[in-house]
Amino acid sequence: MVLYATDCHNVPVKLLCTDDGKLETQSQNPSANILLTSSSGVGVYADTLPTPTVDGNNRAGWFYKKTIDNADKFNYYFYSQGSHPVLLGDLHSLVANVSIGAWASNASVPFFVIYTKPTGVGDAGAWYHSKCAYAIDSSKNILLGEPVNLYCIKEPSCSHNGNRDIELTTIVNTGDCLPEEEILTISFQSDSGAPINTEVLVANLGYELNNKNQNYFNLIT
């Protein structure tokens, strides 16, 4: 017998049964996982310092703690081009499921940055044409350790959990940031100016397109 559920678009999807009798949907399927110690995991956290680790409280996700009072931060890159380029105007939503373990200011909260491909004309950076950042504003209320979905552009259709959605409404554009620009990569990152002992647990990253295509990744250890 095959069991089905419906996804966020009301499309039937198969439910998978694990060896211990648990039911899983696509968002929990290993095909959507990125293992911290794998080559894919290293590609995601790339230039992050210090390297993310297993959470000491056994929560799912990659745990990051800033241990030195310097410009260290994490950068999690979670987009690479597939068969066709994705344009800035194609993006419906960017989403990250996070828990903030220490709060000093807005700098304690990570944010999204979209980089577009350089064109050789009017590039705003050495390796990108435009940089579009989405960060939190001071009106948002987040509890310490509360798992929340940080998102930007539009509300996500498929956050795959029951956690509270919080929009990142502070937009900082560097360069043109035009809808027709092709995306080079997307990063979810912490602030280099965050204070020492900043703690962030990231369990899931994803993006959705206006055509309903989507990609979600569980960060596992």
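Biologist: Leaving aside neighbours within four places in sequence, which residues is Ser-108 in contact with?

Modeller: Bear in mind that this is a predicted model. With those neighbours set aside, Ser-108 touches Ile-100, Ala-102, Trp-103, Pro-195, Thr-198 and Val-200.

Biologist: Where is Ser-108 found?

Modeller: Ser-108 lies in the loop between β8 (91-100) and β9 (111-116).

Biologist: Buried or exposed, that Ser-108?

Modeller: Ser-108 has 2% relative accessibility, so it counts as buried; the cut-off for buried is under 20%.

Biologist: And what does the side chain of Ser-108 reach?

Modeller: The backbone nitrogen of Ala-104, at 2.9 Å.

Biologist: How much accessible surface does the chain have?

Modeller: About 11,200 Å², with carbon and sulfur atoms making up 52% of that.

Biologist: In what order do the strands of the open sheet come?

Modeller: The order is β7-β14-β9-β10-β13, five strands with antiparallel pairing. At the edges are β7 (75-77) and β13 (170-174), and each has a single partner strand, so one side of each has no neighbour in the sheet. From one strand to the next, the twist averages 20 degrees.

Biologist: How many bridges join β10 to β13?

Modeller: Five, with β10 covering residues 131-135 and the two strands running antiparallel. Within that pair, Cys-132 sits opposite Asn-173 of β13.

Biologist: Next topic, the core. Which residues have the most contacts inside the largest nonpolar core?

Modeller: Tyr-76, Ile-114, Leu-150, Phe-188 and Val-202, in a core of 40 residues.

Biologist: Take Leu-150. What is Leu-150 in contact with, leaving aside neighbours within four places in sequence?

Modeller: The list for Leu-150 includes Leu-94, Val-95, Ala-96 and Val-98, along with Val-109, Pro-110 and Phe-112. Ile-142, Ile-166, Leu-168 and Phe-188 are also among the contacts of Leu-150. There is a second, separate core of five residues, and Val-113, Tyr-115, Tyr-128 and Ala-133 are among them.

Biologist: Why would nonpolar side chains be buried together?

Modeller: I can only give the general pattern: in soluble globular proteins, nonpolar side chains tend to be buried together.

Biologist: On to the backbone. Which peptide bond is cis?

Modeller: The one from Leu-49 to Pro-50, with omega near -15 degrees. Pro-50 is in the loop between α1 (39-45) and β6 (62-65). As a general point, most peptide bonds are trans, and most residues other than glycine have a negative phi.

Biologist: What about phi at Asn-197?

Modeller: Asn-197 is not a glycine, yet its phi is positive, at about 75 degrees. Asn-197 is in the loop between β14 (183-189) and β15 (199-209). With a relative accessible area of 40%, Asn-197 is partly exposed.

Biologist: And what is phi at Lys-212?

Modeller: About 85 degrees, a positive value, and Lys-212 is not a glycine. Lys-212 belongs to the loop between β15 and β16 (214-220).

Biologist: Is Lys-212 buried or exposed?

Modeller: Exposed, because the relative accessible area of Lys-212 is 52% and the cut-off for exposed is over 50%.

Notes: Residues are numbered from 1 along each chain as its sequence is written. This is a predicted model: local features need pLDDT of at least 70, side-chain atom pairs count only at pLDDT 80 or more; totals for chains, interfaces and linings use all residues. Side-chain values use heavy atoms; hydrogens and water are left out. Accessible areas come from the Shrake-Rupley method with a 1.4 Å probe; for residues, only the protein chains shown count as cover. Two strands pair if DSSP finds at least two bridges between them. Helices (H or I, at least four residues) and strands (E, at least two) are DSSP runs, numbered from the N terminus. Axes are lines fitted to C-alpha atoms, for helices over the stretch in contact, and angles run from 0 to 180 degrees between N-to-C directions. Buried means under 20% relative accessible area, exposed over 50%, partly exposed in between (1.4 Å probe, protein chains only). A polar contact is a pair of N or O atoms within 3.5 Å; within protein, one must be able to donate a hydrogen and the other to accept it, and residues adjacent in sequence count only if both atoms are side-chain atoms. Contact means heavy atoms within 4.5 Å. A nonpolar core is a set of buried Ala, Val, Leu, Ile, Met, Phe, Trp, Tyr and Cys residues joined through side-chain atoms within 4.5 Å.
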